[in-house]
Amino acid sequence: MASNVKVYTFEEVAKHNNKKTCWIIVSGKVYDVTPFLEDHPGGDEVLISSTDRDATDGFEFVDHSDSAKEMMKKYYIGDFDKPAVPVKQNRNPPPQQNQSPGFTIKILQFLVPLLILGLAFGLQ
């Protein structure tokens, strides 16, 4: 029995990442949710921001209703080629290890005059 299901790579799906054409991956399936963007209860940005990754975890976290899961069937366009998923890059910059000594000097240049001024008022 031959399958006529289209299989998409991550690169193919990732090209559809805006309001004019928005595809997402959920549970190994690819959905063209473009027609649903305006009607999505969480807003279109939730769907658009899910185009650069497998959205399964986010979809399951929200705990969509059975009717929402049933509705997805009409947006299904094919399966996802799971081995093609790139490793997600961390978008957050690495935390700073230590602040530079220049920062400490600037703080001291600000605090020392305040302390001297406070002592002067306190002695009077």
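A salt bridge is defined here as a side-chain nitrogen of Lys or Arg within 4 Å of a carboxyl oxygen of Asp or Glu. The structure holds four salt bridges. The model is predicted, with local features requiring pLDDT of at least 70 and side-chain atom pairs counting only at pLDDT 80 or more, whereas totals for chains, interfaces and linings use all residues. Residues are numbered from 1 along each chain as its sequence is written, and side-chain values use heavy atoms, with hydrogens and water left out.

**View 1. Salt bridge between Lys-19 and Asp-44.** The closest N and O atoms are 3.2 Å apart. Asp-44 belongs to helix α2 and Lys-19 to the loop between α1 (10–14) and β2, so the pair ties together parts 25 residues apart in sequence. Helices (H or I, at least four residues) and strands (E, at least two) are DSSP runs, numbered from the N terminus.

**View 2. Salt bridge between Glu-70 and Lys-73.** The N to O distance is 3.2 Å. Lys-73 is found in the loop between α4 (66–71) and β4 (76–80). Lys-73 is exposed at 56% relative accessible area, and Glu-70 is partly exposed at 47% (buried, under 20%; exposed, over 50%; partly exposed, in between; 1.4 Å probe, protein chains only).

**View 3. Surroundings of Tyr-31.** Not counting residues up to four places away in sequence, Tyr-31 touches Cys-22, Trp-23, Ile-24, Val-26, Met-72, Tyr-75, Tyr-76 and Ile-77 (contact, heavy atoms within 4.5 Å). The C-alpha atoms of Tyr-31 and Lys-73 are 8.4 Å apart.
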